[in-house]
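Subject: Structure handover

Hello,

Here is the structure we talked about. Please take a look, then read my notes below.

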Amino acid sequence: MTTLTINGESRSIKASPDTPLLYVLRDELALNAAKFGCGLGQCGACTVIVDGKAIFSCVTPVMLLEGRAITTLEGLRSPDAPGPMQRAFLAEQAAQCGYCIPGMMMRAQALLNRDPHAADEAIKAELQPHLCRCGTHMRILRAIRRAAEEMRPKTADARTRG
């Protein structure tokens, strides 16, 4: 048995140590936001956050993840109480088919956790590994900007002005 910390919760899994995280998330833990796309770490549909960094879960074996903090889209909040990134994507109607969106949201979340003031060029560079053919790229960019605005720490000046 391997113990993983997923979305802040310790989870014991039965999978073989060389099993890719994606299969454990989807098949054993019923965390289905991360998608199987290519299985080669080339499309980004399976992206999750590990210790603050976006990774491809389809090529990352669980044996490398014990003792590390794993966050999936489900860990950003829930459908009933969406987090800033989820609310922003909904508000901007940034998903068309939606298949690539969870991975993009996770990569964007990792970026904004590191740099809540990320410029458009940094956002575009961060999303470069993701394949998306739905044509909502401008909405995706707007959604990430919206999420960044909500996630930024509010300064004392901003609180006293409002």
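Arg11 is partly exposed, at 23% relative accessibility. (Buried means under 20% relative accessible area, exposed over 50%, and partly exposed in between, with a 1.4 Å probe and protein chains only.) Glu9 is partly exposed too, with a relative accessible area of 44%. The side chains of Arg11 and Glu9 meet in a salt bridge, 3.8 Å from N to O. That term covers a side-chain nitrogen of Lys or Arg within 4 Å of a carboxyl oxygen of Asp or Glu.

Two notes on the source. This is a predicted model, in which local features need pLDDT of at least 70 and side-chain atom pairs count only at pLDDT 80 or more, while totals for chains, interfaces and linings use all residues. Residues are numbered from 1 along each chain as its sequence is written, and side-chain values use heavy atoms, with hydrogens and water left out.

Now the other salt bridges. How many does the whole structure hold? The search finds 9. Side chains of opposite charge can pair when their charged atoms come close.

Arg145 forms a salt bridge with Asp120, and their closest N and O atoms are 2.8 Å apart. Arg145 lies in helix H5 and Asp120 in helix H4 (residues 120-127), so this pair ties together parts 25 residues apart in sequence. (Helices, H or I with at least four residues, and strands, E with at least two, are DSSP runs numbered from the N terminus.) Arg145 is partly exposed at 34%. Asp120 is partly exposed at 28%.

Within it, the side chains of Arg146 and Glu92 meet at 3.0 Å, N to O. The pair links distant parts of the chain, 54 residues apart. Arg146 is in helix H5 (residues 137-151). Glu92 is in the loop between helix H2 (84-91) and helix H3 (101-114). Is Glu92 buried or exposed? Glu92 counts as buried, at 15% relative accessibility. Arg146 is partly exposed, at 40%.

Last, the aromatic rings. The count comes to 1 aromatic pair. (Rings of Phe, Tyr and Trp, the last by its six-membered ring, pair if their centres lie within 6.5 Å; planes under 30 degrees apart count as stacked, over 60 as edge-to-face and the rest as tilted.) Tyr23 and Phe36 are stacked, 6.4 Å centre to centre with 25° between the planes. Tyr23 lies in helix H1 (residues 21-28) and Phe36 in the loop between H1 and strand S3 (47-50). Tyr23 is partly exposed at 35%, and Phe36 is partly exposed at 36%.

Best wishes
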